[in-house]
Amino acid sequence: MIDAGTITWTLVGVAALVALATTVLLLSRAPSPWAPALAVLRGTVQLALISLVLSGVIRDPLWIAAALVVMFGVATTTAARRLGTLRSRFVPVVLAMAAGVVGALGVVFLTGAIAFTPRYVLAVGGIVIGNAMTGATLSGRRFVELVDDRWEDVEGWLALGATPRQSTAELVRRAIHAAMVPSTDQTRTTGLVTLPGAFVGAIFGGISPLEAGRFQIVVLAAIIAAGALVATSLTRMLAPVRTRPAPAV
């Protein structure tokens, strides 16, 4: 059990970090300077609640499946809202993220790279869903921004007889590349620049460094596979544009 003193100092440290970030954003007059602080507050409450819930159900396959469904629902809704109206973007985001998550997790567990147990399904599933959400947001936002910035070029292609999909083909490729940069850089610098959370957590949990490293590289590969599937499928679904898209929020 975590004692009260540990919780207190944890909260003090988190509050100090949030105050530092907020102060810097306020001084630089950045847009939405309070958004990171509110995100940390919301994340703290959500993690506290999910920790209490999962402590009792982490070995129950049905509850773990329910938890993953909730995670997926929140992730798809969050990503869709970042790309425009929820009504117009929800279905493409759901389909793209489903392809990425199911495809990556299917390979991980069907090959036996990681044991198909409730604990690992929850851990790896949560990580992949979270990164798939990021991939959907990055690729979708970048595509919308590129189409908006280069709308005259898109209109030119359409005027020359190109199909809506052909007129944005180059922009699709750029959006996919932009979405893959974070996960690619994270993977190529693992162990040199960063020690990923799954790796550190596994070691703290008593697993040997070699086993933790094996687990982490599988997770990183799953993140890249899911990201590639999500970015490619989502941008292809968004590609046939006939009118200038509204800026992403």
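1. Helix α4 contains Arg89; helices here are DSSP runs (H or I) of at least four residues, numbered from the N terminus. The model is a predicted one, in which local features need pLDDT of at least 70, side-chain atom pairs count only at pLDDT 80 or more, and totals for chains, interfaces and linings use all residues. Residues are numbered from 1 along each chain as its sequence is written, and side-chain values use heavy atoms, with hydrogens and water left out.

2. Arg89 is buried but has no salt bridge. Buried denotes under 20% relative accessible area, exposed over 50%, and partly exposed in between (1.4 Å probe, protein chains only). A salt bridge requires a side-chain nitrogen of Lys or Arg within 4 Å of a carboxyl oxygen of Asp or Glu. For Arg89, the nearest side chain of opposite charge is that of Asp148, 10 Å away; Lys and Arg count as positive, Asp and Glu as negative, and His and the chain ends are not counted.

3. Neighbours within four places in sequence aside, Arg89 is in contact (heavy atoms within 4.5 Å) with Ala80, Leu83, Gly84, Val144, Leu238 and Pro245.

4. The largest nonpolar core comprises 47 residues, and Met97, Ile114, Val124, Val128 and Phe143 have the most contacts inside it. Such a core is a set of buried Ala, Val, Leu, Ile, Met, Phe, Trp, Tyr and Cys residues joined through side-chain atoms within 4.5 Å. Two or more residues are given to this core by each of α3 (61-82), α4 (86-110), α5 (118-149), α6 (151-159), α8 (169-188) and α10 (209-238).

5. Ile114 touches, beyond residues up to four places away in sequence, Val108, Phe109, Tyr120, Val124, Phe215, Val218 and Val219.

6. There are two aromatic pairs in the structure. Rings of Phe, Tyr and Trp (its six-membered ring) pair if their centres lie within 6.5 Å; planes under 30 degrees apart count as stacked, over 60 as edge-to-face and the rest as tilted. Phe109 and Phe116 form an edge-to-face pair, at 5.4 Å centre to centre and 70 degrees between the planes. Phe109 is buried at 14% relative accessible area, whereas Phe116 is exposed at 63%.

7. Tyr120 and Phe215 form a tilted pair, because their ring centres are 5.8 Å apart and their planes lie at 40 degrees. Tyr120 belongs to helix α5 and Phe215 to helix α10, so the pair ties together parts 95 residues apart in sequence. Tyr120 is partly exposed at 28% relative accessible area, while Phe215 is buried at 12%.
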